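Have a look at the model below, then walk through it with me one spot at a time.

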Amino acid sequence: IHGIKLTITNLNKNTLQPDLRLLDVLATMGCEVEKTNSSISIRGPEHLKGGFSVSLGDFSDQALTLGCIAPYADAPIEIKDVGHIRKHECDRLEALAVGLNKLGIKTESSFSTIKIYPAKLTPASIDTFHDHRVAMSFAILGSKCPGVEISNPSCVAKTFPSFFEDMEQVGIKLKHELRAGLV
């Protein structure tokens, strides 16, 4: 979404990790993806392409990530076959729809799909539902929309305690605020 090039080292293109299939989706969106035996590089285009439907049933952990990138595309994106993520740390499809709607983004969803329409985002506070993937995905979306606030950002400690620091390491500017009573 920022049009920058990001290289991840120590990641083999032949990994069995199914989440790596997100790279194919990003390529469909117009990103340049380069895979080697020791790294993967991704460069975002000037404008992300949408107008497609994709099954994430085999790599559903990426549904929130794609869902939070989709509003920046030039046409709607439908994510299919992810009904089972309604039973994870929270109802992730509902959390995605609620968060996107708060930001002024139109969504249409069923039990196992969500369709996300491009829109100009309106800043809002996003409830993470204490789910690390919700926090990380909306932080990525918010990195391009000043004024997006992530409630309970510390929930990322479950899987990626240095997430926000690592975002800053790649050049994403974040504003940190601690408020009394918020965890």
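## A tucked-away threonine

Thr-113 counts as buried because its relative accessibility is 16%. (Buried means under 20% relative accessible area, exposed over 50%, and partly exposed in between, using a 1.4 Å probe and protein chains only.) You'll find Thr-113 in the loop between β6 (107-109) and β7 (114-116). The side chain of Thr-113 makes a polar contact of 2.7 Å with the side chain of Ser-110. (A polar contact is a pair of N or O atoms within 3.5 Å; within protein, one must be able to donate a hydrogen and the other to accept it, and residues adjacent in sequence count only if both atoms are side-chain atoms.)

## Before we go on

This is a predicted model, where local features need pLDDT of at least 70 and side-chain atom pairs count only at pLDDT 80 or more, while totals for chains, interfaces and linings use all residues. Residues are numbered from 1 along each chain as its sequence is written, and side-chain values use heavy atoms, with hydrogens and water left out.

## Two loops with positive phi

His-130 isn't a glycine, yet its phi is positive, near 60°. His-130 sits in the loop between β8 (125-126) and α4. Is His-130 buried or exposed? With a relative accessible area of 63%, His-130 is exposed.

Asn-152 isn't a glycine either, and its phi is positive at about 55°. Asn-152 belongs to the loop between β9 (149-150) and α5, and is buried, with a relative accessible area of 14%.

## A three-stranded sheet

Three strands make an open, antiparallel sheet in the order β1-β3-β2. (Two strands pair if DSSP finds at least two bridges between them.) At the edges are β1 and β2 (32-35), each pairing on one side only. Five bridges join β1 to β3, and Leu-6 has Ile-42 in β3 as its bridge partner.

## The largest pocket

How many residues line the largest pocket? The lining has 34, and Leu-6, Ile-8, Ile-42, Thr-65 and Ile-140 lie nearest the centre. (On a 1 Å grid over the protein atoms alone, a pocket is an open set of points where a 1.4 Å probe fits, with protein on both sides within 12 Å along at least five of seven lines; lining residues have an atom within 4 Å of a point.) The largest share of the lining, four residues, comes from α4.
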